Amino acid sequence: MEEELKCPVCGSLFREPIILPCSHNVCLPCARTIAVQTPESEQHLPPLLHPRGPAPPAAAAAQGPGAAAGSAACLDSECAAGGGGGDHADKLSLHSETDSGYGSYTPSLKSPNGVRVLPLVPAPPGAAAAAPRGAGPASSSLTCPQCHRSASLDQRGLRGFQRNRLLEAIVQRYQQGRAAAAAAAKCQLCDRSPPEPAAVLCEQCEVLYCAACQLRCHPARGPFAKHRLAPPPGHPGAPGGGGGGGDGGGGKGAGGGRKLPTCAEHDLENYSMYCVSCRSPVCYQCLEEGKHGKHDVKALGAMWKQHKAQLSQALNGVSDKAKEAKEFLVQLKNLLQQIQENGLDYEACLVAQCDALVDALTRQKAKLLTKVTKEREHKLKVVWDQINHCTLKLRQSTGLMEYCLEVIKENDPSGFLQISDALIKRVQVSQEQWVKGALEPKVSAEFDLTLDSEPLLQSIHQLDFIQMKLPPVPLLQLEKCCTRNNSVTLAWRMPPLSHNPVEGYILELDDGDGGQFREVYVGKETLCTIDGLHFNSTYNARVKAFNSSGVGPYSKTVILQTSDVAWFTFDPSSAHRDIVLSNDNQTATCNSYDDRVVLGTAAFSKGVHYWELHVDRYDNHPDPAFGIARINVVKDMMLGKDDKAWAMYVDNNRSWFMHCNSHTNRTEGGVSKGATVGVLLDLNKHNLTFYINGQQQGPPAFENVEGVFMPALSLNRNVQVTLHTGLEVPQCVKQPKLPNN
């Protein structure tokens, strides 16, 4: 609250606050400082706001071109109270821009609170006499330091603004509370009991010190030299805690003994009414003099209560916002903790990943070294084997050569000839042993191993954090997930505060029997409806998001139950063009004398389903056909004449079953107006049975029916029927359950 009690000009607690026309407050001494004195001949824009009405003619006449420069106090009511003549004219100074020192009325000083203020420059001697003859009297204006709206002063000067006595009282109570807090402020490091009163507060350490503890524990040197020491809270020297001199410290007590405020224009009159037009309290004499006589006025107490109620109501909204702000601050603080924890986790993860890379590189290094060692050992073995083999051959050849040379030296022809043939063969064999390549190394000194580490080095140099992460887990919106008939609708969204981009979603559904999941939708939408499911089946669904980085985790699995019974109508989109539908597509007839086919909107592949058709009109004994069909059945002839339909056609006396134009099981009993035909499709037992007026018509019409079937009907213009769906299987046609079920 302290900021609300500080003057926007001086930055201290308000002293004699006055209310500007813009509803902001400023100290009266500060208002004297920021008032701008302007010759009327230099005014370019009219004043935007006026604290009161126009100045009385007498006061205006009192101003003259010979007025001398007045002090700042002359802007107050004391100057306005002076009857006229020179004293009253001293309220304003008339001098040029050049003389004033603040041309174009630009402030040249700054207050402690950062608001630019004007220096009080007295008018030079003779300025009034040197003023142009045509120049009018000077006027004074005041610019609000907060909203920068200007207000012109009338003959009363600053005393024309109302004094904010309520704010004065609040400031006084606040000062008293701060003084009490200052008296209670004790040193937090004293080992005495009781502790010494605190002398300073370190704004960085947030610790209160007495003088002795400050010298001992917080010397003004080393790292403490940059700390700022301030007076303790509530101390007269502390910000906002001082009494502020005579103007700010005076006044009556804040209790019930406070003097009632009197009218600013009639000092002896208390405020008794409230002028709604001027939005200010007035006294009885203000109403009598006629200034507010024609204004809308109300009782002061009633308006006081009304405005209090309005303020309380407005405070409720602010209180709610403040509560939200507190919760938001808690959220931000939690976010700080999460960021800290996530940062540590990411650092640990980064170290672990880099260590894993180093370990992998070390293991791969060992593998590569093993390969080099094996290659070296292999080459050495081959070379040593070749050296040993060549040495042996060379020794044998050398011995043979020496022996042959000795034989050649002998002079015994007969002895030579006895062994010459054998020696020649041995020499030839020895020569043949040195075949081509025998004197070439089998291996090279070069290693046929080349390690291409450049891509890996580039990858290491390019190793960085990817900008896009996997998308988070989508949240299923259970309040929007629903089932209708044999279709299910699922909705999902991304969690809040999720900044990872999402390019699409993948919705998966099982087969209704707890089997494997399969993809049923891939796209960017967050709402999807899947049609054509089995009735009376339980499906499990899940969804995941994906982006260019990959596929995110699955959401939680939602369980959806399709309808026990089928609700459907005739399908106008697939019906023959001669078919006429009405009653929300539940009633069908035909424009043609030939039979035309219409299908239902539901498709069955599993379970037991029963529906009825009521004959609304039956003329001239036609043969309507009731049954089931594939979606591609021929629609311009009687149902059952092709291999895509299984039907019972009936007249007024008998019925037949028909499939592939084969007529079977003629049964007595027909239909007429008001009759009801029931169709029971049992896909668990794979048979089809018909009923007329609740009685089974013949044996089960067809067996071994498998696949996907749609309700079907063929009729001409002599028949009109109405479809009834969503029916439970009647008890009379239900089959008893088997014991092992």
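Visitor: Is Phe604 buried or exposed?
Guide: The model in view is a predicted one. A residue counts as buried under 20% relative accessible area. Phe604 reaches 1% relative accessibility, so this residue is buried.

Visitor: How many aromatic pairs does the structure hold, and of what kind is the pair of Phe535 and Phe604?
Guide: The structure holds 10 aromatic pairs. In the pair of Phe535 and Phe604, the ring centres lie 5.4 Å apart and the planes stand at 45°. Planes under 30 degrees apart count as stacked and over 60 as edge-to-face. The angle of 45° therefore makes this pair tilted.

Visitor: How many residues apart in sequence are the parts that Phe535 and Phe604 tie together?
Guide: Phe535 belongs to the loop between β19 (527-530) and β20 (538-547). Phe604 belongs to the loop between β25 (596-599) and β26 (608-618). The pair therefore ties together parts whose separation in sequence is 69 residues.

Visitor: What is the relative accessible area of Phe535, and which residues form one aromatic cluster with Phe535?
Guide: Phe535 is buried, and its relative accessible area is 4%.

Visitor: Are the rings of Tyr649 and Trp656 stacked or edge-to-face?
Guide: Tyr649 and Trp656 are both buried. Their ring centres lie 5.1 Å apart, and their planes make an angle of 15°. Planes under 30 degrees apart count as stacked. The pair of Tyr649 and Trp656 is therefore stacked.

Visitor: Which arginine residues lie over an aromatic ring?
Guide: Over the face of Phe517, at 4.0 Å from the ring centre, lies Arg542. Over the ring of Tyr593, 4.7 Å from its centre, sits the charged end of Arg717. The residues asked for are Arg542 and Arg717.

Visitor: Which residues of strand β24 are buried on each side?
Guide: In a regular strand the side chains alternate between the two faces of the sheet. Strand β24 (residues 587-590) is covered on both faces. One side holds the buried Thr587 and Thr589, and the other holds the buried Ala588 and Cys590.

Visitor: Which residue is the bridge partner of Val580 in β24?
Guide: Strand β23 (residues 579-582) runs antiparallel to β24, and 4 bridges join them. The two strands form a hairpin with 4 residues between them, and Asn583 in the turn has a positive phi of about 55°. Within β24, the bridge partner of Val580 is Thr589.

Visitor: Which residue is the bridge partner of Thr587 in β36?
Guide: Strand β36 (residues 719-724) is joined to β24 by 2 bridges, and the two run antiparallel. The bridge partner of Thr587 in β36 is Thr722.

Visitor: What is the omega of the cis peptide bond that joins Ser193 and Pro194?
Guide: Pro194 has its place in the loop between α7 (165-184) and β8 (200-202). The bond that joins Ser193 and Pro194 is a cis peptide bond, with an omega of about 0°.

Visitor: Is Asn704 buried or exposed?
Guide: Asn704 is found in the loop between β34 (702-703) and β35 (710-715). Although Asn704 is not a glycine, its phi is positive, about 60°. Exposed means over 50% relative accessible area. With 69% relative accessibility, Asn704 therefore counts as exposed.

Key
Residues are numbered from 1 along each chain as its sequence is written. This is a predicted model: local features need pLDDT of at least 70, side-chain atom pairs count only at pLDDT 80 or more; totals for chains, interfaces and linings use all residues. Side-chain values use heavy atoms; hydrogens and water are left out. Rings of Phe, Tyr and Trp (its six-membered ring) pair if their centres lie within 6.5 Å; planes under 30 degrees apart count as stacked, over 60 as edge-to-face and the rest as tilted. Buried means under 20% relative accessible area, exposed over 50%, partly exposed in between (1.4 Å probe, protein chains only). A charge sits over a ring if NZ of Lys or CZ of Arg is within 6 Å of the ring centre and within 35 degrees of the ring normal. Two strands pair if DSSP finds at least two bridges between them.
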